[in-house]
Amino acid sequence: MAGNLAAAGYAPAPADEAQLVVINACTVTEGAVRDIRRFINRLRRDNPAAKVVLAGCHGQVYPDDCFGADLVLGQTEKLTPGRYADLEGIFVSPRESLVMDEAPEQPAMAGKTRFFFKIQDGCDRFCSYCIVPYARGVPRSRPLPEILRTLETLARKGIREVVLTGIEISAWRDPDSRTGLGKLVTILEDAPTPPRIRLSSVDPLMFDEAFIEIAGASGKLAKSFHIPLQSASDTVLAAMRRPYRQKDIKNILDRVLDRMPDAGIGMDVITGFPGETEDLFEETRVFLTSCDFYYLHVFPFSSRPGTAAAAMDGKVPQAKKKERVRVLKMIDAEKRQAFHRRFTGSPAWIIPEGKRCLGHYMRGYTDNYIPVHIPYDKRFENKMVQVTIKKVEDLLVIGKVEDDPSL
């Protein structure tokens, strides 16, 4: 988007001075929508002359709910904002017509250590709580030759880690050969790519025996996996229209950790879904307490207009949702602490980021996604650095660079 605007003659400027402000807006939660409203209100106050463009997911799904923006662009239109910058009104293509955007020939990489590369977009699952299928359109995949070309470019430019992302990357299929995600990981093993490849959120049902073996055997694929669990109550999962049950998740965790014992597994969980009673929440809490995983991303249920869940009975009060979030975040903190301490004294490879953390540290992530902090030294920026994890202090993981006695 920035490249398109630059080609149209625009140059970057602070929001309070810009003539044109483009907001690429999420709409997946009520909180995200509040952020849009607040930002536009603040912008109107600080820079009343600016032309405000609301683009992306929110504009695609709720184009009339634009908080006074001058121009609304959907998912297709947002990729070429320069075409519409002189116009006003709503320009949103229907969901069925959305296509995969082309990968840039020269990816923008300023200040990046990990490069996020979208290989898939769209979803047809229509889980009862989720607005994403309406916001992102039908499933579509980036062609294999385009993926290989971009990854080779990233490797040539010195990027050390790439994260393959998508709305539902387990649904990735090469449009010509119909090759799937497992085969893609195998192909990338011998292709010119950055040395570390990480996957974003992967559907639980992707973890069959074949995929687990491919992931375990790969020398490039990071042994960290993020699974959208959402609930461990079979009753709630059925109401959410999720196609698995608690025993399936337990089986997946056991098989992944049997093949990759040091893997870092994170999971999304939603609490306060309509009809989630205390007993049903307790099913999720007990399951998570008993399972061997690394971390949780915890979300209170957020009703989105147009989804099936928005019309369901059994709404959970906000205070109750807040309390359940607190309980689950305590489990998350305990699991993270235990996982970090488990690797104290162990060697690991990290790719330190250039920015400073807490004044004098720089941070890099291990293969299994532990954030390790080492004393800041520009020499190590965007390099594969071997460290020893020395200690954990208040959830901060401290490492020491190997073969460097000064640290």
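Helices are DSSP runs of H or I with at least four residues, numbered from the N terminus. All views show a predicted model.

**View 1. Helices α7 and α9 pack against each other.** Helix α7 covers residues 209–217, and helix α9 covers residues 246–259. Two packed helices are described by the angle between their axes and the distance between the axes. For this pair the angle is about 30°, and the axes lie 9 Å apart. Angles under 35 degrees count as roughly parallel, so α7 and α9 are roughly parallel to each other. Their crossing is right-handed.

**View 2. Residues at the contact of α7 with α9.** From α7 come E209, I212, E213, G216 and A217; from α9 come R255, V256 and R259. By class, this contact has three nonpolar, one polar and four charged residues.

**View 3. E209 in helix α7.** Is E209 buried or exposed? E209 has a relative accessible area of 64%, and residues over 50% count as exposed, so E209 is exposed. P352 is 143 residues from E209 along the chain, and the C-alpha atoms of the two are separated by 33 Å.

**View 4. The largest nonpolar core.** In soluble globular proteins, nonpolar side chains tend to be buried together. The largest nonpolar core here has 53 residues, and M267 and L288 have the most contacts inside it. Helix α9 gives the most to this core, with five residues. Leaving aside neighbours within four places in sequence, L288 is in contact with several residues, including L229, M267, F293 and K335.

**View 5. A second, separate core.** This core has 17 residues, among them A348, I370, V385 and V401.

Technical notes: Residues numbered from 1 in each chain as written. Predicted model: local features only at pLDDT ≥ 70, side-chain atom pairs only at ≥ 80, totals over all residues. Heavy atoms only, no water. Axes fitted to C-alpha atoms, helices over the stretch in contact; angles between N-to-C directions. Helix = DSSP H or I, 4+ residues; strand = E, 2+ residues; numbered from the N terminus. Parallel < 35°, antiparallel > 145°, perpendicular 65-115°, else oblique. Left-handed = near helix turned anticlockwise from the far one by under 90°. Contact = heavy atoms within 4.5 Å. Nonpolar A, V, L, I, M, F, W, Y, C, P; charged D, E, K, R; others polar. Buried < 20%, exposed > 50% of the residue type's maximum accessible area, 1.4 Å probe, protein only. Core = buried A, V, L, I, M, F, W, Y, C linked by side-chain atoms within 4.5 Å.
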